[in-house]
Amino acid sequence: LPRPDAARSFGEALALIRASNFNGALLALQRAVEQNSRDAGTAEILFWKGVCFDGLGDNRAALGGYQELITSFPGHARTALGLLRQASVFVRLGDVETARVTLRKLIAEFPSSPEAAVARDRLREI
């Protein structure tokens, strides 16, 4: 992240995620969003917010976090992984059809990514 205060908050958040302190990480990530200019670094922050909600078992909030990344930064490299993780949340919620749509979107938009290869496998499994 280009701004030192945002980078510091983001680093703190990643350390908290490694310690499985997802609530604390969410607070640090929110600070990082507020401190950062709206650039590609924000995509990283939004991705990790989704991961934190995933870690807390809050499926609806995780979907929202990943969706914010996908909508705000459609071409960012993290978006492919956000789509893959979002599809996994849909499967957990029992919405297999939306998971399929999400995986197809991932493959269409990021066809040569490692995540697309995983998505192809998952489509065969669900």
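Let's start inside: F47 and Y66 are both buried (under 20% relative accessible area with a 1.4 Å probe and protein chains only; exposed is over 50%, partly exposed in between). This is a predicted model, in which local features need pLDDT of at least 70 and side-chain atom pairs count only at pLDDT 80 or more, while totals for chains, interfaces and linings use all residues. Residues are numbered from 1 along each chain as its sequence is written, and side-chain values use heavy atoms, without hydrogens and water.

F47 counts as buried because its relative accessibility is 2%. Its ring and that of Y66 have centres 6.3 Å apart and planes at 45°, so this pair is tilted (rings of Phe, Tyr and Trp, the last by its six-membered ring, pair with centres within 6.5 Å; planes under 30 degrees apart are stacked, over 60 edge-to-face, the rest tilted). The pair links distant parts of the chain, with F47 in helix α3 (residues 40-56) and Y66, 19 residues apart from it, in helix α4 (residues 59-72). Helices here are DSSP runs of H or I with at least four residues, numbered from the N terminus. Ring pairs join F47, W48 and Y66 into a cluster.

Now turn to helix α6. The buried residues of α6 are A99, T102, L103, L106 and I107. Viewed down the axis of α6, they fall within an arc of 140° (taken from the directions from the helix axis to the C-beta atoms), so they line one face of the helix. An α-helix has 3.6 residues a turn, so residues three or four places apart point the same way.

Terms used. Helices (H or I, at least four residues) and strands (E, at least two) are DSSP runs, numbered from the N terminus.
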